[in-house]
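Open the model in the viewer and keep the selection panel at hand. The tour goes from one selection to the next and says what is found at each stop.

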Amino acid sequence: MLEWLGLLMFAGVFVLLLLGYPVAFTLGGVAVLFSLLGSVLGVFNLALWGTLPLQVFNTMSNYTLLAIPYFIFMGAMLEKSGIAERLLETIGILFGRVRGGLALAVIIVGALLGATTGVVAATVVAMGLISLPIMLRYGYNKELATGVIVASGTLGQIIPPSVVLVVLADQLGISVGDLFVGAFFPGILMTSVFAIHVFVITLIRPELAPALPEEVRNLRGRHLISRVFGAMIPPLFLIIVVLGSIFFGFATPTEAGALGGIGAILLALVNQRLTWTGLRQVCDATLQITSMVVLILIGSTAFSMVFRGLNGEVVMRTFLANLPGGEWGFLAISMLIVFLLGFFIDFFQIAFIIVPLFAPVAQGFGLDMVWYGVILGANLQTSFLTPPFGFALFYLRGIAPESVTTAEIYRGATQFVLLQILVLMTIIRFPAIVTWLPSLAQSN
């Protein structure tokens with residue numbers, strides 16, 4: 001029974017999380033309680049707590065994690081300054097003649113906005129507030145409209161530059177740049193599959209997504225070109241510069257994130273959208289999310305220390321390494337666990353609690369860690385979208401009008417869940433989709 005004491009810590013954490021207790025304090029509190037229990041039972045040395053300050057300091061001095069507030073700031077600035085909304089409107093005008101053009105615009109902008117923040121809640125809420133009223137106003141089917149929003153809002157899980165990929169790379173012990181490069185084509189593939197689905201379904205059933213009225217897409221000639229160059233090219237150029245500086249080795253992800261933050265400020269300034277109030281709101285949002293991540297990191301550090309002290313890591317690693325089917329058995333179980341946990345707890349909690357347990361086993365089986373990181377991100381993306389517990393669905397339900405029912409949101413999301421599963425299976429079956437570009441970059 002004592003050798004399973006460490007695993008009982010997980011049960012305690014999940015029960016408290018489901019009861020609504022804050023994540024960081026839940027992790028730290030469970031660590032304290034089980035360390036005392038282990039000490040009483042003679043299986044834990046309380047002197048291990050003396051190493052906690054050093055472990056926290058090592059975590060805080062991790063240069064890679066400094067990229068998190070930069071990317072959050074970049075995405076928040078693009079959203080708060082109205083640049084993302086103007087980008088959506090411009091792409092909508094360009095695609096306005098096409099049935100489903102506005103939905104295609106939502107997918108593209110959602111992918112770009114999600115990539116810069118990696119925070120599902122921020123992207124889904126932003127896209128819901130900006131695009132859902134517009135799509136409903138122009139006669140879009142409610143299921144298609146809500147499905148496109150929640151699906152595009154989760155794309156930021158695997159499209160670089162993303163906070164999610166930064167955290168995953170840190171927890172898996174791999175280069176953030178390699179994971180960014182490896183996730184590039186899977187992210188493009190996922191976005192393309194969504195866009196193709198919208199195009200095909202509106203071709204078959206055009207009444208689901210009518211073209212925009214003529215008076216809405218009345219920009220022509222130099223006025224349209226001016227709108228494109230003013231609202232569309234600058235933010236796209238900023239994201240390309242940030243990604244390119246990482247891909248081609250000109251900057252680390254942290255340096256590129258800082259560049260992105262400065263670029264977002266300049267874009268807001270050029271568009272006359274930079275105000276002290278807006279800047280303060282962006283800084284507040286960045287501080288809140290970053291503080292949450294840091295507190296979870298400290299709590300997870302204490303949790304991991306006690307978990308290892310109770311030999312829970314050894315028990316878990318032995319269990320995972322001896323599953324039937326070898327590496328494929330481990331892959332199936334780890335993906336199932338992450339998928340199910342994604343219904344109930346946030347990405348950061350999964351990354352800091354669960355992923356460190358899987359990483360050494362995956363390395364022991366000789367799995368490509370960049371590939372493993374990408375399929376973890378794609379799996380979480382699917383989990384956050386799957387009814388009835390997907391987080392993205394709850395976020396959209398919170399800001400959607402009463403005329404849109406929960407059942408319509410669920411039915412709208414289901415079609416995109418099936419597409420995500422198809423892409424995830426493709427990535428698992430053909431690892432070269434992930435691995436060939438990092439290999440090419442390393443060979444050069």
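Select R411 to begin: with 44% relative accessibility, R411 is partly exposed, a class between buried (under 20% relative accessible area) and exposed (over 50%), taken with a 1.4 Å probe and protein chains only. The model is predicted, so local features need pLDDT of at least 70 and side-chain atom pairs pLDDT 80 or more, while totals for chains, interfaces and linings use all residues. Residues are numbered from 1 along each chain as its sequence is written, and side-chain values use heavy atoms, without hydrogens and water.

The side chains of E143 and R411 form a salt bridge, 2.6 Å from N to O; the term requires a side-chain nitrogen of Lys or Arg within 4 Å of a carboxyl oxygen of Asp or Glu. E143 sits in helix α8 (residues 142–154) and R411 in helix α20 (residues 406–429), 268 residues apart. Helices are DSSP runs of H or I with at least four residues, numbered from the N terminus. E143 is partly exposed, at 23% relative accessibility.

The structure has two salt bridges. For the other stop of this kind, select R205 and E207, whose side chains meet at 3.3 Å, N to O. R205 is partly exposed at 43%.

Next, select V98, I196, F199, V200, L203 and I204. They make up a nonpolar surface patch with about 570 Å² of accessible area together. Such a patch joins nonpolar side chains (Val, Leu, Ile, Met, Phe, Trp, Tyr) within 5 Å, from residues with over 30% relative accessible area and no salt bridge. L203, in helix α10, is exposed at 61% relative accessible area.

Now show the pockets. A pocket is an open set of points on a 1 Å grid where a 1.4 Å probe fits, with protein on both sides within 12 Å along at least five of seven lines; lining residues have an atom within 4 Å of a point.

Select Q171, S304, R308, F352 and P356, which lie nearest the centre of the largest pocket, among its 19 lining residues. Its volume is about 460 Å³. Helix α13 gives the largest share of this lining, seven residues. The lining of the largest pocket holds eight nonpolar, eight polar and three charged residues.

Finish at A111, L112, I159, F184 and I188, nearest the centre of the second largest pocket, which 17 residues line. The volume of the second largest pocket is about 370 Å³. Here α10 supplies the largest share, six residues, and the lining has 13 nonpolar, four polar and no charged residues.

How values were computed
Points joined across faces, edges and corners; volume = space filled by probe spheres on them. Helix = DSSP H or I, 4+ residues; strand = E, 2+ residues; numbered from the N terminus. Nonpolar A, V, L, I, M, F, W, Y, C, P; charged D, E, K, R; others polar. Patch = residues over 30% accessible without salt bridge, like charges linked within 9 Å, V, L, I, M, F, W, Y side chains within 5 Å. Areas by Shrake-Rupley, 256 points an atom, 1.4 Å probe, with all protein chains shown as cover.
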